[in-house]
There are 2 protein chains.
Amino acid sequence: MSTPPDQITSLARRADAERNRDKILAAARSAFADPGTEVSMAEISRRAGVGMATLYRNFPGRRELLEALYTDEVNAICEAAEAPGASLLSWLRQLFAFFASKRHIAAELLKHTDSGDSVFGGSRARVTAAGQPLLAAAQQAREVRDDLTLEQVLDLIHAIATIRGDTSYVEAILQAALDGLRPSTDGKPTLEGSNP
Amino acid sequence: MSTPPDQITSLARRADAERNRDKILAAARSAFADPGTEVSMAEISRRAGVGMATLYRNFPGRRELLEALYTDEVNAICEAAEAPGASLLSWLRQLFAFFASKRHIAAELLKHTDSGDSVFGGSRARVTAAGQPLLAAAQQAREVRDDLTLEQVLDLIHAIATIRGDTSYVEAILQAALDGLRPSTDGKPTLEGSNP
């Protein structure tokens with residue numbers, strides 16, 4: 001049975017609409033990542049190459065756009081954790097990049113929300129649930145120390161993502177912290193400062 | 001030659017004044033460390049057991065008191081780094097405790113200053129200068145990796161001090177980070193996530 005012509009048109013329209021939405025999100029993502037830019041809806045429409053009407057049909061305002069960006073990134077993080085062959089350490093690096101870029105989006109979001117809790121609270125639980133099996137596997141394989149929970153590991157990565165400095169400056173700090181996740185009991189004594 | 005009586009009185013007065021100043025600073029330090037307390041000048045006078053006149057003679061206002069607390073702590077940190085037998089790791093733990101407590105004092109200070117830069121900028125340079133020989137010695141003894149500068153190490157410790165949680169929660173994260181300062185090239189391969 002062949003598809004009737006009006007249904008083809010409708011499918012094509014839906015594909016078009018989805019392409020526009022993706023173009024808008026990609027343009028918004030790059031605009032927000034660009035530190036010098038004042039990110040207005042007009043700027044996003046220009047970058048995406050779609051009209052203002054199309055932009056507003058997809059996202060009634062900046063806040064909806066920011067939330068969509070944020071949710072898309074949280075989805076990507078969760079999918080990355082669940083992908084076959086995912087490892088804790090490569091996932092933590094993705095998360096680090098997310099935190100570092102999220103800083104900007106999260107700050108923008110908070111300007112437009114009375115409370116960011118509903119957006120952030122739910123994401124944290126989702127991300128933690130997605131990463132838990134990776135930590136368990138890494139700990140079972142004795143690749144990662146077993147005296148930290150995933151919450152602690154995420155707090156560490158998040159804290160490092162707040163450090164200001166160029167990429168290579170912060171990257172070296174991140175690498176040291178990731179090295180610190182190695183088990184400390186496999187033959188080498190733990191470095192200890194005297195506990196004050 | 002014996003000291004004349006009026007000079008004895010003057011020395012005794014000076015010792016008294018110094019004791020009062022120390023009592024005030026100790027009381028203020030513990031009041032600010034107490035998260036539930038509204039720290040007024042009256043509260044500090046009560047805790048120190050000195051009258052309001054004595055308090056204000058020593059510190060014309062909250063801001064002067066906070067700055068004195070801050071400077072005292074920076075001095076202690078610098079002296080600790082310069083003490084004989086000081087080691088990088090035990091010093092970093094002291095610094096961590098300082099950062100964790102400083103958060104409160106620094107936040108209070110910023111409320112009362114147009115710009116905290118003059119207070120903070122100078123301290124950072126002093127602390128860095130004091131810690132530099134400790135890092136150099138630890139790197140030369142191959143106890144600490146040589147791909148980080150002291151600024152990077154301090155940023156790492158500072159970032160961890162901003163993590164919220166009870167002492168044992170954050171302590172475990174700090175220990176992992178300090179373990180990560182070990183040289184990564186001494187026989188054990190560096191853990192690497194795939195660089196995105």
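How many of the 12 residues of H7(A) are buried? The count is 10 of 12, so that this helix is mostly covered, where buried means under 20% relative accessible area, exposed over 50% and partly exposed in between, with a 1.4 Å probe and protein chains only. The structure is a predicted model, in which local features need pLDDT of at least 70 and side-chain atom pairs count only at pLDDT 80 or more, while totals for chains, interfaces and linings use all residues. Residues are numbered from 1 along each chain as its sequence is written, chains are lettered from A and ligands numbered from 1 in the order in which they are written, and side-chain values use heavy atoms, with hydrogens and water left out.

Read from the N terminus, the elements run α-α-α-α-α-α-α-α. Of the 196 residues in chain A, 43% are buried. Among the contacts in this chain with a separation of 6 or more, 65% join residues 24 or more positions apart; contact means heavy atoms within 4.5 Å.

From its first C-alpha to its last, H7(A) reaches 16 Å, close to the 16 Å expected for its 12 residues at 1.5 Å a residue; the expected span is 1.5 Å times one less than the number of residues. The buried set consists of Leu150(A), Gln152(A), Val153(A), Leu154(A), Asp155(A), Leu156(A), Ile157(A), Ala159(A), Ile160(A) and Ala161(A). H7 (residues 150-161) of chain A packs with H8 (residues 167-179) of chain A at an angle of about 165°, their axes lying 10 Å apart. Axes here are lines fitted to C-alpha atoms, for helices over the stretch in contact, and angles run from 0 to 180 degrees between N-to-C directions. H7(A) and H8(A) are therefore roughly antiparallel, given that angles under 35 degrees count as roughly parallel, over 145 as roughly antiparallel, 65 to 115 as roughly perpendicular and the rest as oblique. Their crossing is right-handed, meaning that the near helix is turned clockwise from the far one by less than a right angle, anticlockwise being left-handed. On the H7(A) side the contact is made by Leu156(A), Ile157(A) and Ile160(A), and on the H8(A) side by Val170(A), Ile173(A), Leu174(A), Ala177(A) and Leu178(A). These residues divide into eight nonpolar, no polar and no charged; Ala, Val, Leu, Ile, Met, Phe, Trp, Tyr, Cys and Pro count as nonpolar, Asp, Glu, Lys and Arg as charged, and the others, Gly among them, as polar.

A contact in chain B has another make-up. The axes of H1 (residues 5-33) and H4 (residues 62-82) of chain B come within 10 Å and cross at roughly 90°, which makes H1(B) roughly perpendicular to H4(B). Arg21(B), Ile24(B), Leu25(B), Ala28(B), Arg29(B) and Phe32(B) of H1(B) meet Arg62(B), Leu65(B), Leu66(B), Ala68(B), Leu69(B), Asp72(B) and Glu73(B) of H4(B). This contact divides into eight nonpolar, no polar and five charged residues. Within H4(B), the buried residues include Arg62(B), Glu73(B), Tyr70(B) and Cys78(B). The 21 residues of H4(B) reach 30 Å between the first and last C-alpha, close to the expected 30 Å.

Helix H4 of chain A can be described in similar terms. The 21 residues of H4(A) should span 30 Å at 1.5 Å a residue, and the end C-alpha atoms are 30 Å apart, which agrees. Buried residues of H4(A) include Leu65(A), Leu66(A), Glu73(A) and Ile77(A).

The backbone holds a point of interest in the loops. Most residues other than glycine have a negative phi. Arg142(A), however, has a positive phi of about 55°; it sits in the loop between H6 (117-140) and H7 of chain A and counts as exposed at 70% relative accessibility. In chain B, Arg142(B) has a phi near 55°, again positive, lies in the loop between H6 (117-140) and H7 (150-161), and is exposed with a relative accessible area of 69%.

Leu89(B), in H5 (residues 88-111), is buried at 9% relative accessible area; Leu89(B) and Gln175(B) are 86 residues apart in sequence and 10 Å apart in space, C-alpha to C-alpha. Asp6(B), in H1 of chain B, is exposed at 59%, and Asp6(B) and Leu25(B) are 19 residues apart in sequence and 29 Å apart in space, C-alpha to C-alpha.

Definitions and conventions. Helix = DSSP H or I, 4+ residues; strand = E, 2+ residues; numbered from the N terminus.
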